[in-house]
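Welcome to this short tour. Open your viewer, get the selection tool ready, and let's look around together.

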Amino acid sequence: VSDQKPLGCWSVKHGQIITCPVVCNFETHEYIAVHDDKVLRIWKNKDINLDKVFKATLSADVYRIHSLPNGGPVVLFKGGGVRTLDVLLEAPQQEIENIISDEVIKWSEAFMEGQQPVLIFATEKDGDFFVYVQKLKMNSLCKYKLEQQELSKPLSFTAYIKNQIITLLCLYSNDSVYKALIPLQQNSEDEEQILSKSLLLNLSVSGSVLKGTSFAVLDKDHIAVLGILAASGEDSKECLTIWNTKFQTLQTSKELPLGTSGQLWCYEEKFFFTHGKVLTVIMYKCETSSLAAAVGKLKDRQTPDVSSFVNWNTLGDEELLVSFPSQQSAALKSESKMTLRSKRNTVAKVQPDTLSVGQLLLNLKDASTTVLEEELRQLISKAQMPDLQANIGCVITALINRCKTNPKYYPRNFLLHIVQTRDLSYSLCPDLMAVALEKEDVHLLQICLQKFPDIPEEITYACLKVFLSISESCLQRIDVNLESVICYIDIEFNDKEVKTEIVENGFNAELEQDIWDTKIAKETHRTADGEFCPVGPQKAALLNAVLHSAYSETFLLPHLKNLPAQQAVLFLRYLYYLYVKCSEKINTTLPGIQSPTISQIMDWMCLLLDAHFTVMVMLPEAKGLLSNLHKFVRAQVRFYSELNKIEGSLLELQRLNHQKDFQTYSIEVLELI
């Protein structure tokens, strides 16, 4: 999420539907999914095609799979039956008991209590709600009927376990949160018990009522609720709110103008929810609950420029100084103003060495270019600076912001030095490559492609388009790193490659094509057959950087289809040239530093042909290229087919040689039959 980079993508066949959330098995590092209610799939990161991974068809419909860090995955079926994954895989078609008859499961959760996995789920039937608690190792199941609430019903559930007691929280349609306690020691499995509840929190403040859709427990005194805040005479606003249940106060809130899906997740002191079309992650930290903190009168806060609960800055555009949330109670609002005023008064008195990076960058906002660069050089030279990488990202962002406000300003050498000497990523300075593309700074783009592990496919495509469109004459005046091409592209003064006749791979491409009824015209400077590199060394080095960049085919292909036809043909010519060059080597590896691998070359050739095959077939200038590519691949396939025929004999020779003890000198004649 931090790098904005898809790490894996898998899909089921057309017509199949994934019917419950996919989980990760913490013990085996495998993914587990269920499609079409009964078909179980298990795979690892290295697996690509879901059709080829482990598959098991179960005898009953699955409601949800819960993965426990130390207890393994637990499968809950729609009929209320529960199995651990290991037990289920021993006999996938085993009969699953139906416990809940006509009831429908509305929610479920799993916990570890010591070494004991515990599953709790809630069901509904004809307006009545029931709660089941299953202790797997003891094979114990307890059923409770939730005490009815007049004119309202549960909308959402959450629970936590502590000291052998499950605390169940229910968000009701009457804008209230209720609490019920379930002790694990009870063993009365035969009879249904009434589960009484008590009012925990009323979601209203100052005449406004929060219509909650989902919620999460933060600690014993705080909960987060996502919902719509409605006030009389005002428009409804979707908000994320944090409440103190001990003192019945709204601790803080944030308006979400782009809307959400109504779902809220909470994991390792981070909120996860959708805001508009993006997944938003917000860190929070709960302080010890006290009356002073609840009403906003806490005086000894250690970090006055950060909210005591949430860094709402994730949702805003200002990244240098964290401000207080705008939607807070009056007490919190007054404190935020007072704190920020005192902060401004003390900034001028603080020495530069003690300033935070954000404060320093704000102070340098209007400084001259010389002063700005000198201060930033000193800042990034501090090896002991905490959060060094993040602060360097802030430095680059400050430089890029100045570039945007002053189009004539572009510290090319300074930016190049930072990228070359620091281990950065695209997510730390997302605007850097956008500005480099605008300036057509191909050298900086080349270094970014080589250094950054998380470049979005849209930016990779934009770099490829710029590299292909820029003229060779212009590139000759630009300083480009040629380490990836200098060892396999030899250039004469007339910029034509010196053709070498050394062939290590057991066959000559032209000879093989002649054998298989191919005719190649012997033209002096022909580039379509791979004899000469179709691009200059500078452009070849830039294209190699693109080949090295990580990508996901699913996300890159739509962009690649927009590549102009002439540029696509030129790129395919270069890939074909590299393909032939690799095939000349016995280890199919190009010499040099960061030279493309045979896998990278073939993957990009396939991508390019997938994106432009129809256009390639229609273009007259591409016809010869496609024909030669087809003939060359066919020759290689037949050559390796012949090698496969004698593979057994070669292995037998190797075995015989190991068995014999040769002296200093020996001649032996072996006949292959």
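Contact, on this tour, means heavy atoms within 4.5 Å. What you have open is a predicted model, in which local features need pLDDT of at least 70, side-chain atom pairs count only at pLDDT 80 or more, and totals for chains, interfaces and linings use all residues. Residues are numbered from 1 along each chain as its sequence is written, and side-chain values use heavy atoms, with hydrogens and water left out.

Begin by selecting S208, which sits in strand β18 (residues 208–219); strands here are DSSP runs of E, at least two residues, and helices are runs of H or I, at least four, numbered from the N terminus. Leaving aside residues up to four places away in sequence, S208 touches L203, L229, A230 and A231. Between S208 and A231 the C-alpha distance is 4.4 Å, although 23 residues separate them in sequence. S208 counts as buried because its relative accessibility is 14% (buried means under 20% relative accessible area, with a 1.4 Å probe and protein chains only).

Next, select helix α7 (residues 412–421) and helix α9 (residues 442–451), whose axes come within 10 Å and cross at roughly 15°. That makes α7 roughly parallel to α9 (angles under 35 degrees count as such). The axes are lines fitted to C-alpha atoms over the stretch in contact, with angles running from 0 to 180 degrees between N-to-C directions. Show the side chains: R412, L415, L416, V419 and Q420 of α7 meet H443, L444, I447, C448 and K451 of α9.

Finally, colour by pLDDT, the predictor's confidence in each residue, from 0 to 100. Strand β2 (residues 30–35) has the highest mean, 95, and helix α3 (residues 330–347) the lowest, 32.

Definitions and conventions:
Parallel < 35°, antiparallel > 145°, perpendicular 65-115°, else oblique. Buried < 20%, exposed > 50% of the residue type's maximum accessible area, 1.4 Å probe, protein only.
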